Amino acid sequence: MCQIFVQANPMSYEATTRSIRLHGVVTSVRLENLFWDTLEEIATRDGMNVPQLLSKLYDELLAHRGDIPNYSSFLRVCCQRYLALQVDNRIPRDLSIPIRSLNPHAVLHGARPNLVEVKANA
């Protein structure tokens with residue numbers, strides 16, 4: 001079993017730091033190359049580059065949560081969610097279909113509990 005995992009290209013788990021500008025402030029994000037590759041795929045689907053995607057995600061997360069304690073971890077989770085939702089046929093594998101064209105409620109309705117935020121009853 002482990003051979004499936006241990007034979008990964010070492011470059012895929014080498015970490016790379018990139019500088020990005022969020023609200024006029026330059027910050028660094030360090031992720032493994034495989035995550036950068038996935039973010040590139042997501043960005044390209046919607047006609048963006050990775051810095052534009054990261055800025056958009058940051059803004060939307062800040063508006064939703066009000067605080068971002070660990071942005072790098074959030075980005076890793078975004079990549080895993082993207083791939084898991086593709087495996088579950090909730091996000092099309094056809095890269096010509098932009099993510100922004102999908103109905104988020106339809107994509108997430110009935111998704112595995114570990115992929116969806118649990119809202120407390122108000």
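Asn 89 sits in the loop between H4 and helix H5 (104-108). In this predicted model, the phi of Asn 89 is near 60 degrees, a positive value in a residue other than glycine. That is worth a second look, since most residues other than glycine have a negative phi. Let's tour the loops, the core and the surface in turn.

**Loops with a positive phi**

- Asn 89 counts as exposed because its relative accessible area is 65%, and exposed begins over 50%.
- His 23 is found in another part of the chain, the loop between S1 and S2.
- Although His 23 is not a glycine, it has a positive phi of about 55 degrees.
- Is His 23 buried or exposed? With a relative accessible area of 57%, His 23 is exposed.

**The nonpolar core**

- The largest nonpolar core has 24 residues.
- Which of its members touch the most other members? They are Val 29, Leu 31, Trp 36, Leu 39, Leu 54, Tyr 71 and Leu 75.
- Two strands, S1 (15-22) and S2 (25-32), each give two or more residues to this core, and so do the helices H2 (33-45), H3 (50-65) and H4 (71-87).
- H4 gives the most to the core, with 6 residues.
- As background, nonpolar side chains in soluble globular proteins tend to be buried together.

**A nonpolar patch on the surface**

- Some nonpolar residues here are on the outside: Met 1, Ile 4, Phe 5 and Val 6 form a patch on the surface.
- Together, these four residues have about 530 Å² of accessible area.
- Ile 4 has its place in helix H1, which covers residues 2-6.
- Why does Ile 4 count as exposed? Its relative accessibility is 68%, and the cut-off for exposed is over 50%.

- Gln 86 counts as buried because its relative accessibility is 8%, while buried means under 20%.
- Which residues is Gln 86 in contact with, apart from its neighbours within four places in sequence? The list is Glu 41, Arg 45, Ile 91, Pro 92 and Arg 93.

How values were computed: Residues are numbered from 1 along each chain as its sequence is written. This is a predicted model: local features need pLDDT of at least 70, side-chain atom pairs count only at pLDDT 80 or more; totals for chains, interfaces and linings use all residues. Side-chain values use heavy atoms; hydrogens and water are left out. A nonpolar core is a set of buried Ala, Val, Leu, Ile, Met, Phe, Trp, Tyr and Cys residues joined through side-chain atoms within 4.5 Å. Buried means under 20% relative accessible area, exposed over 50%, partly exposed in between (1.4 Å probe, protein chains only). Helices (H or I, at least four residues) and strands (E, at least two) are DSSP runs, numbered from the N terminus. Patches are made of residues with over 30% relative accessible area and no salt bridge: like charges are joined within 9 Å, nonpolar side chains (Val, Leu, Ile, Met, Phe, Trp, Tyr) within 5 Å. Accessible areas come from the Shrake-Rupley method with a 1.4 Å probe; for residues, only the protein chains shown count as cover. A salt bridge is a side-chain nitrogen of Lys or Arg within 4 Å of a carboxyl oxygen of Asp or Glu. Contact means heavy atoms within 4.5 Å.
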